[in-house]
Amino acid sequence: MIILIVVVFAILGFVVSSRLKSKFKKYSQTPLQANLSGAEIAKLMLADNNIHDVQVVCVEGQLTDHYNPMNKTVNLSPDVFYGRNAAAAAVAAHECGHAVQHATSYTWLNFRSAMVPIQNISGKILNVVLIASLLGGFALGLPVPLIGYIVVGSYGVMTLFTLVTLPVEFDASNRALAWVQNRNVVTRDEYDMSKDALKWAAMTYVVAALASLATLAYYIMIFFGNRD
């Protein structure tokens, strides 16, 4: 069962990731009529939202774009930082959407940030318990029900984290799309491209959440239910 879950969602993840890269490549080939780079768009969106303490920087990699609330930086990959197309505009505005969330104390972002250390600890606990159980039966010397509660509880925290991520990502995309449209950064056709690109980016988080839910259900079934 666990192998089936891993295989199914690995395939789904690959399909969605490939689709996202394909969309990004396609929309990167159409020059933005406003002739603004991703970096310029990001700085403009931050300024329009009265955010003056966030830096826009270029980082290595492809689709490595992210907002870091710890040092208040919008990190854009070279294709987005220098790109002057609908795909770059969408990604740059999306990451600035997270900066706006941070500046306005968006509830779901605050909740997600508060969960980060808890999620990290849960992941470490889960790894120790699962590895110990696999290598030497239940080598930790703990009763099976208690191990079940630890595994399900730890993975439950990790699953909750993936679910909380969804409204954070969707909201950032909504903020981005509303801004690029109202600010006339994109034309109607470019808006549609941007929206489509962000939709496929969001799908990667949806697949991750579904995979986590399926795995959690498996652990609950193994420890507390009928395996059939």
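**Note on the predicted model**

1. Ser105 lies in the loop that links α4 (86-103) to α5 (107-136); helices are DSSP runs of H or I with at least four residues, strands are runs of E with at least two, and both are numbered from the N terminus. The phi angle of Ser105 is near 55°, which is positive although the residue is not glycine. With a relative accessibility of 47%, Ser105 counts as partly exposed, because that class lies between buried (under 20% relative accessible area) and exposed (over 50%), computed with a 1.4 Å probe and protein chains only.

2. On the basis of the note: this is a predicted model, in which local features need pLDDT of at least 70 and side-chain atom pairs count only at pLDDT 80 or more, while totals for chains, interfaces and linings use all residues. Residues are numbered from 1 along each chain as its sequence is written, and side-chain values use heavy atoms, with hydrogens and water left out.

3. The protein chain contains seven helices and three strands. Read from the N terminus, the order of elements is α-α-β-β-β-α-α-α-α-α. Along the principal axes, the C-alpha atoms of the protein chain fill a box of roughly 65 × 35 × 25 Å.

4. A second residue with positive phi is Asn35, again not a glycine, with a value near 55°. Asn35 belongs to the loop between α1 (2-27) and α2 (38-48). Its relative accessibility is 49%, so Asn35 counts as partly exposed.

5. The three strands make an open sheet with mixed pairing, in the order β1-β3-β2; two strands pair if DSSP finds at least two bridges between them. β1 (55-58) and β2 (66-68) are the edge strands, and because each has a single partner strand, one side of each is left without a neighbour in the sheet. On average, neighbouring strands of this sheet are turned by 25° against each other, direction ignored; the axes are lines fitted to C-alpha atoms, and angles between N-to-C directions run from 0 to 180 degrees.

6. β2 and β3 (residues 73-76) run antiparallel and are joined by three bridges. Among the bridge partners are Asn68 with Thr73 and His66 with Asn75. β2 and β3 form a hairpin with four residues between them, and Lys72 in its turn has a positive phi of about 50°.

7. Is β3 covered on its faces or left open? Both faces are covered: Thr73 and Asn75 on one side are buried, as are Val74 and Leu76 on the other.

8. Of the 228 residues of the protein chain, 42% count as buried. Among contacts (heavy atoms within 4.5 Å) with a separation of 6 or more, 72% come from residues 24 or more positions apart. The protein chain exposes about 12200 Å², of which carbon and sulfur atoms supply 62%; the area comes from the Shrake-Rupley method with a 1.4 Å probe.

9. The protein chain carries 16 positive and 14 negative charges, whose mean positions are 4 Å apart. Lys and Arg count as positive and Asp and Glu as negative, with His and the chain ends not counted; each charge is placed at NZ of Lys, CZ of Arg, CG of Asp or CD of Glu.
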